[in-house]
Amino acid sequence: MEFASAARLLTPRGWGLIAAGIAALLTAQIMGRRDALILGLFLVSLPLLSALALRLIKPVFVVERSFSPATVETGVPARVALSLRTPRPVRQSAAMREGLPLRFGQSPVFRFPARFPDADGASTYEYQLRSARRGMFPIGPVTAEFSDLFGLARRLHVLGATDPLVVAPAPQELPATALGGPRGTEGSVHSPRRGGPSEDDVSTREYRAGDPMRRVHWAATARHGELMVRQEEPVTSPGATLLLDARQSCFSGGMGAPLWTDPAGGNGLSTSESFEWAVTAAVSAAAHLVENGYSLHLLDVYARPGLARSPSAPNPQQQDFSGTAGLQDIAEGLAALELETRADERLAEAGAARPPGTDLTTPENRSPIGSALLDSLAQRRRGPLVAVLGRLSADDAARLAPAADYATRACAILVTDRLQEAGPALAVLHSGGWQAVAATPESDLARTWAAFASAAQPMTSLTSSAGRENPS
């Protein structure tokens, strides 16, 4: 291997000169010609000196890489703009290759400098990437092969560093459901006003310069003897809670191991097909709720911030999200969310007894599923609760069931490889007031979500891959 690396230091032209130099040295030795000796030394030393110069003189490049859009959804192409500039002029051209993960196929190759550089002298290249899997993929660095002016030697240099391409799960359109109470315009909920004789005094204030005349309250103006205007009716944004289970024991693939370990075929995350389906369901539910005017409170089953373990989250400790910007933060955080290892699960289960004021974000202080979640929901105003869970045991379901008492409506999707496994947990959640449905990675998400369209009573249906429902 070392000989192969050394052999690559010289080009075929360089090796040809060395061969000619050796032949000249042999001729000088046989015929005793001094001029042949000088020629042989020159031919042998020239490629070696060129290789030494390339090793000592390292090129200096500024490498900039940008993605458009900055966070791309699965299945959508991302445009990559690669810019290279050097403060020192480079006389010779170089073949450059962009470093890509194996799943993106062959790496793009280009020549430096570009035929048409930018106004500031930078060479810019563009190409597209598309991923069917979510994840945070390292793009780069650039490897460049430089040669000397005579083409005798070559040297491979690594330029710049890697930049992460964040591929977020794409939300699917879900059918309309009645998850909460009546809402006002743009999802707002009108705060109740105090009635009675003094209602005008509560809903009006003195006129201020710039107030439109159409807001003048004439009855209050006559009573107070000065211009009075109607106040803006107080509104509050309805809140919903989204619960995402990420325990490895609940989403493991066959034989209890994560499904994807090959970076060429997967996304480099500790994940499985069932967890990928759950992540898509979570981001779709988030988009559905945000579009209906809800602000979101995102948690895991231990009542920790739902994105606390994701390296792609803009703010890992953030729990509350609202509007389009909040939805983008959720999608970006879900891009690199992995399954929680079994060791971390055991640490979480071991933290049952904890004193008041304990930091629940640290592994050693986590509480079992249910207790901390109930405490968190009790401190928030009531709203819909949507839970995307894995294989849930009957005991875990019993600890989770009382959470329905703190929500206007509690809906759960249990993602499992075999629908029959979800039967006991579904029955327990049903008895606790949940609407619950089971699904597999082959299930149609829209059909699964449609099971929540009926608000009459909780459901314990099992959704098959074809969208049929079988009673548990």
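**Close-up views of a predicted model**

**View 1. Helices H7 and H8 pack at an angle of about 175°, with their axes 10 Å apart.** The model shown here and in the other views is predicted. H7 spans residues 273-291 and H8 spans residues 323-334. Angles over 145 degrees count as roughly antiparallel, so that is how H7 and H8 lie to each other.

**View 2. Residues at the contact of H7 with H8.** H7 contributes Val279, Val283, Ala286, Ala287 and Val290. Facing them from H8 are Gly323, Thr324, Leu327, Ile330, Ala331 and Leu334. Nine of the contact residues are nonpolar and two are polar. None is charged.

**View 3. Buried residues of helix H10.** H10 runs over residues 371-378. Ala372, Leu373, Leu374, Ser376 and Leu377 are buried. The buried residues pack against three strands: E15 (239-244), E16 (295-299) and E18 (383-389). They also pack against helix H11 (394-400).

**View 4. An open sheet of three strands, in the order E1-E3-E6.** Pairing is antiparallel. E1 (62-68) and E6 (123-129) are the edge strands. Each has a single partner strand, so one side of each lacks a neighbour in the sheet. From one strand to the next, the twist averages 20°.

**View 5. Pairing of E1 with E3.** E3 covers residues 78-85. Seven bridges join E1 to E3, and the two strands run antiparallel. Valine 62 stands opposite arginine 85 of E3.

Conventions:
Residues are numbered from 1 along each chain as its sequence is written. This is a predicted model: local features need pLDDT of at least 70, side-chain atom pairs count only at pLDDT 80 or more; totals for chains, interfaces and linings use all residues. Side-chain values use heavy atoms; hydrogens and water are left out. Buried means under 20% relative accessible area, exposed over 50%, partly exposed in between (1.4 Å probe, protein chains only). Helices (H or I, at least four residues) and strands (E, at least two) are DSSP runs, numbered from the N terminus. Contact means heavy atoms within 4.5 Å. Axes are lines fitted to C-alpha atoms, for helices over the stretch in contact, and angles run from 0 to 180 degrees between N-to-C directions. Angles under 35 degrees count as roughly parallel, over 145 as roughly antiparallel, 65 to 115 as roughly perpendicular and the rest as oblique. Ala, Val, Leu, Ile, Met, Phe, Trp, Tyr, Cys and Pro count as nonpolar, Asp, Glu, Lys and Arg as charged, and the others, Gly among them, as polar. Two strands pair if DSSP finds at least two bridges between them.
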